[in-house]
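I opened the model to look up two things. The ligand site came up on the list, then the domain boundary.

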Amino acid sequence: MKMQAQDFRAMKSTKPIAMLTAYTCPVARGLEQAGIPVILVGDTVGMVEMGFDSTRDVTIEHMVYHIGAVRRGAPNTHIIGDLPYNTDCNPEVALESARRLMAAGADSVKLEGPKVEVISHLVRHGIPVVGHTGLTPQTAKSFAKVGRTEGEAKRIREESAAIQNAGAFMLVLEHIPYELANHITNTLSIPTIGIGAGPNCDGQVLVINDALGLGDYWPPFSKQYAHVSQSILEVAKTFSREVESLEFPNNIIQFSSSGRR
Ligand code: KIV
């Protein structure tokens, strides 16, 4: 059964939450089959799938397209749709953007930063919201860890509390010191989901391309569970060699002539 905001709240401190991003139908199908309870259609799609240098290039139309694909692959999984850069610039614009993502198949939306008026407006209109603080790529000048000075740590602690108080049901903590994530996790009543924020969050999220080893850059905090880029290279080289040597499709033609097709 598809999980909703209150189910994730109930998991806090009881069962760690495993979240992965997905952008396509077949990947989403695999995540649902594996029992992943929540898929994030993140605006990282712009960087890891579309070749942009920044998530700021992602549009609401891109997100609608990818959320639709993920929903078709994972009809029974909670999907969080990321609000792209500037589509949450004020409460009314954010509500219209969020409704487009929900109509495309999202169950909730995520937005970056302590936009408390936007969050409370969306929640008042029945849209479940996931917050995101620490490193916030839409506005960050670099991908370096944040929250290492006492001033920054204080700001992130305060933002986390404000995001919760505005009504968010979950909070992504990105690339902050482990002790800071631990403190925030222990202080908040909503679950925290870490990415590069250490082991003490209530759950973890990885960008699926990082986990698959599909790409050419992996953040230092991600784990590659497979090496799909390497497999692509090997498949393409083998295919090319077999076409040139006439090995393919001869073996397939022999197989087909046996009456299987
Ligand atoms: O867009 C995204 O995929 C994200 C994750 C890095 C948390 O925000």
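I call a pair of N or O atoms within 3.5 Å a polar contact; within protein, one must be able to donate a hydrogen and the other to accept it, and residues adjacent in sequence count only if both atoms are side-chain atoms. The model is predicted, so local features need pLDDT of at least 70 and side-chain atom pairs pLDDT 80 or more, while totals for chains, interfaces and linings use all residues. Residues are numbered from 1 along each chain as its sequence is written, and side-chain values use heavy atoms, without hydrogens and water.

Ligand site. I checked D43 and found a polar side-chain atom 3.0 Å from a ligand oxygen. For D82, a side-chain N or O atom is 3.0 Å from an oxygen atom of the ligand. K110 places a polar side-chain atom 2.9 Å from a ligand oxygen. On its own the ligand has 260 Å² of accessible area (Shrake-Rupley method, 1.4 Å probe). The protein covers 97% of that area. I listed the surrounding residues (a heavy atom within 4 Å); among them are T21, H132, E174 and I195.

Domain boundary. I took the bounds from an automatic or database domain assignment: domain 1 is 5-226 and domain 2 is 227-261. Their C-alpha centres are 39 Å apart. Six residues of domain 1 contact four of domain 2 (heavy atoms within 4.5 Å). The two domains bury about 410 Å² (accessible area lost on being put together, 1.4 Å probe, summed over both), 56% of it on carbon and sulfur atoms. G213, L214 and A226 supply 66% of what domain 1 buries there. I counted five residue pairs in polar contact between the domains, both residues at pLDDT 80 or more.
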